[in-house]
Structures are given as C-alpha cells and as structure tokens.
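Please read them with the structure open.

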Amino acid sequence: MHSESRCARCGPVPPLHVPEHVGAEIVASVVERIVADADPPGRQSTPLWCPWPLPSGWTMTGVAYAGDDRSGVRATAVACAGPAPLGGGPADLVFIAEEPGVGLGNRFAAIAGPDPGPQLAEALSDPGPGHPEHVGQARIKVAGHPTPLWLVSSPADRSAYAGEARGLWLHAIAWPASAGHLLAEDVVLHDLTEWTPPELVYGAPSPYLHGRA
C-alpha cells in the first residue's frame, strides 16, 4: 500500500487536479491555490503560462495543477484550442510549467521518464541548418523574454516542444502534430498568477486535459 499517487511506469507522482469546466471563476480559484503555495513571501510560485493575447479564433479550454497539501503545487497546465495554423480543422495546445522530476509534460508528450532531459540532449546535438536531419527551434516570448523551445520525440499524432523558463521546465504539446507551426508565429506566454486578463475567452473543456492524451 502507498499513501502517495503513483504512476505504473514512473512510481510516485504528484496528483493531477483538473477542474471539470473552465471559466473566470475556475481560473481564479486555481491561481489562488498556486499563489497560496508561494507562502512564505519571496518563494517563487509555479507560473501558469497562457498565450496572451490569444491567437485569432482561439479560446482557453482548461487549467490544471499537480501537487498536494504536503508538496504544494509542483506543475501547472493551461489548454487552448482554435483553428489549425495550416488549415484542416481544429487544433489544441497544452502549455506546462513544472519542477524537475514531476513528469507531467512527458506524460502529455507520451514520452517515458520524469524529465525531457534525454530528448533535449538529442535535440541539442542537431547537426544544424542545411543538414537533412536538422531540427528547428520554436522561438516564443515568455514574460517578454525570447525563449527557445526544442522539438522532442513524440508520437505522430502530436508535436512536443521542451525548454526552460524561470528555472522550470516549459513544455508545449500540440495536436495534431502540424499545430506546432503555431509556435513559429508571435506567441507570447503570460503568467496568469500575476494578472488574469478579463478579456480571456473560454471554450469547451479540453479533451486532452481530461484523459484523451
């Protein structure tokens, strides 16, 4: 018997909390939970990264966090959905911030292990532009700072990027795989724990936060 949440492959993991619906009040309650874990003052809270402004036609479709009363919030997730950048139907994106060893980003990327370190090491050995095996970077802005994300291995139904922001892992997972092209546009991530825009538009709950991934 174990008192903690466990993954069959990875062992103990923080429990994931996913509200059934999403809206201004739900986001506010999650932000309150995250900020409360930043006590005592001066401790950095886990960011809740959301694209802002949202890409044209996109909505926020979910929010979640991983952690418990003992360990505090150790990872957060925000889901968004909208028209695929290359056409052909809807697309979904999930942005995850997490402490090392949590494994939430790898779970949504369908990658084994608690961290994307091995996959990033492989991506960083990329032979460079012009080489047939070159893997490009996604360059977005995180809290106003240019931040590279590297494409890591994932199943063919999605594309997964990983990098670092504020000393934590940052993941971006897109469905379908071609939706990752959105990250080549002017995407800016804003931390909702600092300020939640009242103009945020909410959509139907993300199926990926609710078990489809």
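1. The face of helix H3 turned away from its buried side carries the exposed residues Pro-118, Glu-122 and Leu-124, where exposed stands for over 50% relative accessible area, buried for under 20%, and partly exposed for what lies in between, with a 1.4 Å probe and protein chains only. Helix H3 spans residues 117-124, and its buried residues are Gln-119, Leu-120 and Ala-123. Seen down the axis of H3, these buried residues fall within an arc of 100°, so they line one face of the helix; the arc is that of the directions from the helix axis to the C-beta atoms. An α-helix has 3.6 residues a turn, so residues three or four places apart point the same way.

2. This is a predicted model, in which local features need pLDDT of at least 70 and side-chain atom pairs count only at pLDDT 80 or more, whereas totals for chains, interfaces and linings use all residues. Residues are numbered from 1 along each chain as its sequence is written, and side-chain values use heavy atoms, with hydrogens and water left out. Helices (H or I, at least four residues) and strands (E, at least two) are DSSP runs, numbered from the N terminus.

3. What do the buried residues of H3 pack against? They pack against strand S9 (145-152), strand S10 (159-165) and strand S11 (168-175), contact meaning heavy atoms within 4.5 Å. H3 lies across these strands and runs at about 95° to S9; axes are lines fitted to C-alpha atoms, for helices over the stretch in contact, and angles run from 0 to 180 degrees between N-to-C directions.

4. The open sheet has ten strands in the order S3-S5-S6-S7-S11-S10-S9-S8-S12-S4, with mixed pairing. Strand S3 (16-17) and strand S4 (49-51) stand at the edges with a single partner strand each, so one side of each is left without a neighbour in the sheet. Helix H1 (residues 24-36) packs on the sheet, where H1 touches S5 and strand S6 (72-83), and its direction makes about 30° with that of S5. Strands are taken to pair if DSSP finds at least two bridges between them.

5. S3 and strand S5 (residues 59-68) run antiparallel and are joined by two bridges, with Ala-66 in S5 as the bridge partner of Leu-16. Nine bridges join S5 to S6, again an antiparallel pair, and the two form a hairpin with three residues between them. S6 is mostly covered, ten of its twelve residues being buried. Ala-79 in S6 is the bridge partner of Gly-62, and the bridge partner of Ala-79 in S7 is Val-94. S6 and S7 form a hairpin with six residues between them, and Gly-87 in the turn has a positive phi of about 80°.

6. Asp-191 lies in strand S12 (residues 188-191) and is buried, with a relative accessible area of 2%. Its side chain reaches the backbone nitrogen of Leu-48 at 2.9 Å. Leaving aside neighbours within four places in sequence, Asp-191 is in contact with Pro-47, Leu-48, Trp-49 and Arg-166.

7. A search of the whole structure finds zero disulfides, a disulfide being a pair of cysteine sulfur atoms within 2.5 Å. The cysteine sulfur closest to that of Cys-50 is in Cys-80, at 4.6 Å, which is too far for a bond. Cys-50 counts as buried at 1% relative accessibility, and Cys-80 counts as buried at 1%.

Notes
A polar contact is a pair of N or O atoms within 3.5 Å; within protein, one must be able to donate a hydrogen and the other to accept it, and residues adjacent in sequence count only if both atoms are side-chain atoms.
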